[in-house]
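Here is a friendly walk through one protein model, from a single side chain out to the whole fold. Have a look at the sequence and the structure before reading on.

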Amino acid sequence: MPRPILATVHADALHHNLERARRAALDSRVWAVVKANAYGHGIERVFDSFRGADGFALLDLAEAERVRALGWRGPVLLLEGVFEPRDLELCSRLDLWHTVHCDAQIDMLAAHKTQAPQRVFLKMNSGMNRLGFAPSRFRSAWTRLNALPQVDEISLMTHFSDADGARGIAHQLEVFEDATRDLPGERSIANSAATLRHPALARGDWVRPGIVLYGSAPDFPEHDASHWQLQPGMTLSTRLIALQTLQAGDTVGYGSSFTAEGPLRIGVAAVGYADGYPRHCTTGTPVLVNGVRTRMVGRVSMDMITVDLTPVPDAGFDSDVTLWGRAANGTLLPIDEVARAAGTVGYELMCAVAPRVPFAVD
């Protein structure tokens with residue numbers, strides 16, 4: 001028998017979340033963002049759920065090849081563009097659209113020998129201060145691109161730093177609109193948070209939902225996934241492989257970080273940080289056993305965690321344990337709650353599921 005841990009990708013939930021993003025996007029076209037191997041879910045596993053998108057946005061050429069190999073003939077966008085000149089050859093062969101965010105990428109295009117001009121997305125640094133041309137240099141970059149025979153259509157894009165918080169998007173949107181005024185080309189500005197929280201302001205011609213497609217709230221804890229009508233795209237589950245009965249004063253796990261205050265029944269679940277369950281989770285992290293909410297106690301080990309069975313007196317060897325997602329009885333444990341207990345975000349938990357964990361699609 002293999003170890004009982006399993007990551008289940010919920011195809012219907014992913015499709016639902018895409019349609020939820022599309023409703024928020026109003027009349028904009030929708031990129032399905034599948035970078036980081038579809039946020040840890042697997043590009044091949046999510047493809048059928050997302051084939052209703054208008055395009056796929058991703059990070060590197062290997063991911064683009066996988067999307068094309070699945071039969072997708074629509075737009076594919078490289079969100080960081082190319083990294084070296086020879087990447088442009090594959091862009092030509094696979095008909096990829098790609099971001100241009102620096103002078104070096106324009107230099108590569110100028111030197112590229114191609115029969116077919118390429119579609120590019122010129123990126124502005126409107127305040128995120130990661131990628132993109134400063135507003136004062138954006139028009140000159142556009143003019144240079146527009147003069148190249150290697151370039152066909154030029155779209156315009158930026159990325160919001162605070163769409164999920166109180167500062168919002170108005171300050172960056174004003175910078176972007178001032179610097180692009182009268183420039184032709186489609187616009188792509190809205191990420192997940194902007195798509196849901198600021199749909200009228202930020203929709204543009206294309207929106208780029210990422211985390212919402214996988215069922216995580218982009219502005220948690222202000223809002224949870226249910227507030228945005230999102231469904232969990234992944235469930236990480238396992239089973240109890242041992243039981244222990246503690247007395248007052250007994251401790252649990254490495255470092256004896258948890259001490260029982262009285263008689264306590266605990267279960268040992270087959271999951272640990274080598275599976276991608278965060279080591280930073282501490283006593284109190286929510287867990288479902290047989291669909292009943294309880295808590296983890298003690299430290300996360302490489303291959304095991306221990307859980308309080310007080311709320312689940314009927315639990316025993318082989319009982320179901322849900323680390324995040326949907327239990328067999330339908331009870332939900334949002335990945336965002338587990339991430340908060342680990343001091344991180346749901347994105348990281350999705351992406352960190354280890355290769356040794358088997359996947360299934362329902």
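Arg139 counts as partly exposed because its relative accessibility is 37%, where buried means under 20% relative accessible area, exposed over 50%, and partly exposed in between (1.4 Å probe, protein chains only). This is a predicted model, in which local features need pLDDT of at least 70 and side-chain atom pairs count only at pLDDT 80 or more, while totals for chains, interfaces and linings use all residues. Residues are numbered from 1 along each chain as its sequence is written, and side-chain values use heavy atoms, with hydrogens and water left out.

Arg139 sits in helix α7, residues 135-146. Helices (H or I, at least four residues) and strands (E, at least two) are DSSP runs, numbered from the N terminus. Leaving aside residues up to four places away in sequence, Arg139 touches Ala179, Thr180, Arg181, Asp182 and Leu183; contact means heavy atoms within 4.5 Å.

| Pair | Distance |
|---|---|
| Arg139 side chain to Ala179 backbone oxygen | 3.4 Å |
| Arg139 C-alpha to Arg181 C-alpha | 9.9 Å |

Along the chain, Arg139 and Arg181 are 42 residues apart.

Now for the barrel. It is closed by 8 strands in the order β2-β3-β4-β5-β6-β7-β8-β9, with parallel pairing; two strands pair if DSSP finds at least two bridges between them. Within it, β5 (residues 97-100) and β6 (residues 118-123) run parallel and are joined by 3 bridges. Val100 stands opposite Leu122 in β6. Helix α5 (residues 87-94) packs on the sheet, where it touches β4 (76-78), β5 and β6, and its direction makes about 120° with that of β6. Here axes are lines fitted to C-alpha atoms, for helices over the stretch in contact, and angles run from 0 to 180 degrees between N-to-C directions.

What about the interior? The largest nonpolar core holds 109 residues, and Phe50, Leu145, Tyr214, Tyr277 and Trp324 have the most contacts inside it. Apart from that core lies another, of 7 residues, including Leu246, Val252, Ala260 and Leu264. A nonpolar core is a set of buried Ala, Val, Leu, Ile, Met, Phe, Trp, Tyr and Cys residues joined through side-chain atoms within 4.5 Å.

Finally, the whole chain. It has 12 helices and 19 strands, and 53% of its 362 residues count as buried. Its C-alpha trace spans about 75 × 45 × 35 Å along the principal axes. Of the contacts between residues at least 6 apart in sequence, 64% join residues at least 24 apart.

Definitions and conventions: Polar contact = N/O pair within 3.5 Å; in protein donor to acceptor, adjacent residues only side chain to side chain.
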